[in-house]
Amino acid sequence: MEELNHRPIVYVVSDSVGETAELVVKAAASQFGGSGVEIRRIPYVEDEATIDEVIVLAKQVHAVIAFTLVIPEKKQYLLDQAKEAGVETVDIIGPMLDKIGTLTQQEARYEPGLLYRLDEDYFRKVEAIEFAVKYDDGRDPRGIMRADVVLIGVSRTSKTPLSQYLAHKRLKVANVPLVPEVEPPEELFKVSPKKCIGLKINSEKLNDIRTERLKALGLKAEANYANMERIKEELEYAEKVMDKIGCTVIDVSSKAVEETANLISNMFRDK
């Protein structure tokens, strides 16, 4: 009888992690000061025996069972057994599942843990974005060995925006600029050529892009950066490096960044 004097208890039952149900219970409890309710989470409920045990415990201490059981058979079993035992229950996700099903005219998948998997997908995306920033523009050649994709090309071939687009598709991308006066990092020749994507562009297009870039920076368009002879020298050098690596080469002269990103992500989709 001593346990009956404790503060009210809510058993949170889930066939996944149970975080959603616990957060809802905490949010509700916060309206009453928060500290007046004890929450006991029972995650990964996969069998009827566990449900039976929780119902027995809940009955002993006059607790409420809040649940997010998405598998219909498990949910119905809990409802039936709890009703028979006189234990109060709160279905946290069921009513919303029914409403969304009506709105979308679709059948729910009834798979436990989908929200958790979505969260994992989100964190993978964040990790890929941070990776792209850290290993942008050849900043740290160690990223080449850790990357899913390595982009190489001369300046202004969209390596950085491509890295970010691909990061949003959960690919870890390192990019390396190719400059005649700078020896390429040795990691480029150690990593699998299948990971490398060479970006090529025609000289006229590159000249236009670089000229506009100089204007945006308030510099003279006649600078060596946009000089046609210099551009051809860089492109020839980049082509030699790409040939040496033996990587796939994509001509980005007439492609939007999104188009190139989709092309590359499709190549790496199964990886």
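**Before starting**

I'm working from a predicted model here.

**Entry: α2 and α3**

I started with helix α2, residues 48-60, and helix α3, residues 72-85. Their axes come within 10 Å and cross at roughly 30°. Angles under 35 degrees count as roughly parallel, so I put α2 and α3 down as roughly parallel to each other. I noted the hand of the crossing as right-handed.

Next I listed who touches whom. From α2 the contact takes Glu48, Ile51, Asp52, Ile55 and Lys59. From α3 it takes Lys74, Tyr77, Leu78, Gln81, Ala82 and Ala85. Sorted by class, the contact of α2 with α3 has six nonpolar, one polar and four charged residues.

**Entry: α7 and α10**

Then I looked at α7 (159-167) and helix α10, which covers residues 257-268. The axes of α7 and α10 come within 9 Å, and I have the crossing at roughly 55°. Roughly parallel needs an angle under 35 degrees, and roughly perpendicular runs from 65 to 115; α7 and α10 are therefore oblique to each other. The crossing of α7 and α10 is right-handed.

On the α7 side I wrote down Pro161, Leu162, Tyr165 and Leu166. Facing them from α10 are Val257, Glu258, Thr260, Ala261, Ile264 and Ser265. The class tally for the contact of α7 with α10 is seven nonpolar, two polar and one charged.

**Entry: α8 and α9**

I find them packed at an angle of about 120°, with their axes 10 Å apart. Since the roughly perpendicular range is 65 to 115 and roughly antiparallel means over 145, α8 and α9 are therefore oblique to each other. Their crossing is right-handed.

In α8 the residues I marked are Ser203, Glu204, Leu206, Asn207 and Arg210. They meet Met228, Ile231, Lys232, Glu234 and Leu235 in α9. The contact of α8 with α9 divides into four nonpolar, two polar and four charged residues.

**Entry: the second largest pocket**

Last, I went to the second largest pocket and got a volume of about 340 Å³. Which residues lie nearest its centre? I noted Val154, Ser155, Arg156, Lys159 and Tyr225, out of a lining of 20 residues.

The largest share, three residues, comes from α7. By class, I have the lining of the second largest pocket as seven nonpolar, six polar and seven charged residues.

Definitions and conventions. Residues numbered from 1 in each chain as written. Predicted model: local features only at pLDDT ≥ 70, side-chain atom pairs only at ≥ 80, totals over all residues. Heavy atoms only, no water. Axes fitted to C-alpha atoms, helices over the stretch in contact; angles between N-to-C directions. Helix = DSSP H or I, 4+ residues; strand = E, 2+ residues; numbered from the N terminus. Left-handed = near helix turned anticlockwise from the far one by under 90°. Contact = heavy atoms within 4.5 Å. Nonpolar A, V, L, I, M, F, W, Y, C, P; charged D, E, K, R; others polar. 1 Å grid on protein atoms, 1.4 Å probe; cavity = no way out; pocket = protein on both sides within 12 Å on 5 of 7 lines; lining within 4 Å. Points joined across faces, edges and corners; volume = space filled by probe spheres on them.
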